[in-house]
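Grab the viewer and work through a few packing exercises. Try each task on your own before you read its solution.

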Amino acid sequence: MSTAPEEPQSQNGLEPDPTTNPKPDSESEPVAQPEAKPEPVPEPKAKPEPVPEPEAKPELQPEPEAVVTDGADPKVDEVVEAAIQSNNQASAHPELKKDEGSRTFTMRELLGGLKNDQSNDVANDSSSPYSYSEESPQEHSEQNNAAMELINSVTGADDDGRSRQRVLTFAAKRYASAIERNPDDYDALYNWALVLQESADNVSLDSTSPSKDALLEEACKKYDEATHLCPTLHDAFYNWAIAISDRAKMRGRTKEAEELWKQATKNYEKAVLLNWNSPQALNNWGLALQELSAIVPAREKQTIVRTAISKFRAAIQLQFDFHRAIYNLGTVLYGLAEDTLRTGGSGNPKEVSPNELYSQSAIYIAAAHALKPNYNVYSSALRLVRSMLPLPYLKVGYLTAPPVGKSIAPHSDWKRSQFVLNNEGLQQVNKGEQKQSISGRSGEAAIKVDIPDIVSVSSCGDLTLPPGAGLCIDTIHGPVYLVADSWEFLDGWLDAIRLVYTIYARGKSEVLAGITTG
C-alpha cells in the first residue's frame with residue numbers, strides 16, 4: 001500500500017501533512033523506579049527528563065493545559081512528572097511515567113487586560129454566601145489588602161521571574177481598584193485569581209513567605225466569588241480546578257488531598273458542562289480522576305479509573321491528534337492492566353484481559369510517540385511497552401465479517417475471523433495465513449481497507465448487521481461493516497483505526513511503521 005497518496009477527506013477535518021517526519025528522540029533511557037510506588041516527582045517547566053532509580057515499572061504522567069482568560073489561547077509551558085501506578089507491590093511489568101503539562105496564562109492576555117480598565121454592572125445574588133455585597137466595605141478592603149500583600153511578597157527566582165512578577169503585581173493593583181469601584185465585577189475577580197495563580201508559579205515549593213499554597217488558596221477564593229457572580233464563566237471553573245489540583249499535589253496521598261481531588265473533578269465537570277467542546281478540560285478531568293483513583297479505597301478505584309478512561313477517550317474524539325490525551329489514556333489503561341492482573345479480574349469472558357489491556361496501552365503510547373516523536377517522555381515509555389504490541393502489527397484481534405464483496409448478507413454467512421492493523425491498513429487474515437503481511441499476496445479473497453481510502457470510522461447499529469457492537473468504516477469505495485465482540489472491544493478498534501488515519505494525515509506514517517517493524 002502507498003503511504004503518501006493524494007489527500008483524502010477526513011471526518012474530523014484532518015488533512016495529510018506532507019512534511020518530513022522528525023527523527024524520534026532515542027537519547028533518553030527507560031526510567032527505572034523501585035517496585036514500591038514513589039511519590040510524584042514535580043519537574044521544572046519545559047521537557048520532563050527521566051528520573052533514574054532502581055529496577056522498576058514505567059509510569060505515565062498526564063498533562064493538563066489551562067485556558068487563560070476569555071479570548072486567549074491556552075498555553076502550556078510546564079511539564080510535571082508524577083508517579084501514578086497501581087498498588088501492585090511485585091508486578092512483573094514496569095510502571096509507566098505519566099506526562100503532565102501544567103496550567104499557565106499568557107502575558108499577552110494579562111497585558112490586554114491591563115488596557116481594559118472596565119467594570120461590569122452585573123446583578124448580584126444577595127443570597128450567595130460568597131457575594132461581596134454581604135460583607136462590609138471594611139471586610140472587602142481587608143481581603144483585598146491580604147491578597148495584595150501575598151502578591152507583593154513574591155519576588156521571583158531570577159531576572160525573568162522578577163520581571164514577570166512586576167507585571168503581575170501591576171495587574172493585581174488594577175484589578176483590586178476595579179473591584180473597589182464595583183464589587184460585582186466578576187471579570188476583575190477572575191483576572192485577579194489568574195494573577196494569584198500565576199504568581200504561585202514564581203514561588204518555590206519550600207518557600208514559607210509567601211507559600212505557594214497560600215497564593216493558590218487565595219486564587220481559589222477569587223474564582224469562587226467570580227463563579228457565584230457569573231455561574232456560566234467556564235474558564236473560571238477550569239482554572240479553579242487546576243489551582244485545586246496544584247494544592248492537592250502538595251499533599252501527597254492524604255485524606256485532605258482526596259477531598260481536593262474530588263473538588264477539582266467537580267469543577268472540571270462544570271467547565272465541560274458549560275463548554276463541552278474542550279478537549280483540554282476533558283483531559284484534565286481524566287487526570288484528576290486518575291490521581292483520585294490512587295488514593296480512594298480499592299472498592300472505589302475501578303469505577304473511577306473507568307470514568308477517567310471515558311474522559312480521555314472523549315477528549316481524543318474531539319481532537320484526534322491530541323497527543324497528551326492519547327498518551328494519558330495509555331497510562332491509565334496500563335494501570336488498569338496491572339490491577340486486573342493482580343486481582344484476577346471478574347472472570348467474565350467478555351471482560352478485556354490484562355494482556356489485551358497492556359496491548360491497548362501500548363497502542364496509545366505508540367500513537368502519541370508517532371504524533372510527537374521528539375518528546376522524550378513518549379520515547380522512554382514506548383521503549384518500555386513496545387514489546388506488548390502484536391508486532392509487526394499495531395493491533396490484532398477478532399471481528400465478525402460478511403463474505404467479501406457482500407456488505408449485506410444473511411447473518412448466518414457472517415464469520416468471526418482475525419484482523420490485523422498497521423500503518424498501511426486493516427486486513428482480514430484467512431486461516432493458515434496468520435503471519436501474512438498486509439502487503440503480501442493471499443490465495444483467498446479477504447476484506448482489506450487501505451488507510452488513505454478511509455473517509456470516516458464510527459460505531460453503528462443496523463438490523464442488517466448481526467447482533468453486537470457494529471463498526472462502520474466508510475471509504476471512497478463504499479462502506480465496510482464489521483461487528484466487534486463487545487462494545488468495549490469496539491472502542492479499541494475505533495480508536496486504533498482513527499489514530500492510524502490521524503497519523504497518516506499528519507504525515508507521520510513512517511514513524512509508526514518504524515515502531516512496528518523496528
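Predicted model: local features only at pLDDT ≥ 70, side-chain atom pairs only at ≥ 80, totals over all residues.

**Exercise 1.** Work out how helices α8 and α9 run relative to each other, and which residues meet.

*Solution.* Start with the geometry: α8 (residues 279-293) and α9 (residues 298-318) pack at an angle of about 165°, their axes 8 Å apart. Angles over 145 degrees count as roughly antiparallel, so that is what α8 and α9 are. The crossing is left-handed. Next, look at who touches whom: the α8 side includes L282, W285 and L289, and the α9 side includes I304, F312 and L318. Sorted by type, the residues of this contact come out as 13 nonpolar, five polar and two charged.

**Exercise 2.** Find the buried residues of helix α14, and the helices they pack against.

*Solution.* Within α14 (residues 509-517), pick out S509, V511, L512, A513, I515 and T516 as buried. These pack against α11 (354-371), α12 (376-385) and α13 (487-505). Then step past the end of α14: G518 follows, with a positive phi near 80°.

**Exercise 3.** Classify the F237–W240 ring pair as stacked or edge-to-face, then do likewise for Y375–Y378.

*Solution.* The structure has seven aromatic pairs. For F237 and W240, the centres are 6.2 Å apart with 20° between the planes, which makes the pair stacked. Both sit in helix α6 (residues 234-249), three residues apart, or about one turn, and both are buried. For Y375 and Y378, 4.5 Å between centres and 70° between planes give edge-to-face. Y375 is buried at 9% relative accessible area, and Y378 is buried at 0%. Finally, ring pairs link Y375 and Y378 with Y327 in a cluster.

Notes: Residues numbered from 1 in each chain as written. Heavy atoms only, no water. Axes fitted to C-alpha atoms, helices over the stretch in contact; angles between N-to-C directions. Helix = DSSP H or I, 4+ residues; strand = E, 2+ residues; numbered from the N terminus. Parallel < 35°, antiparallel > 145°, perpendicular 65-115°, else oblique. Left-handed = near helix turned anticlockwise from the far one by under 90°. Contact = heavy atoms within 4.5 Å. Nonpolar A, V, L, I, M, F, W, Y, C, P; charged D, E, K, R; others polar. Buried < 20%, exposed > 50% of the residue type's maximum accessible area, 1.4 Å probe, protein only. Phe/Tyr/Trp six-rings, centres within 6.5 Å; stacked < 30°, edge-to-face > 60°.
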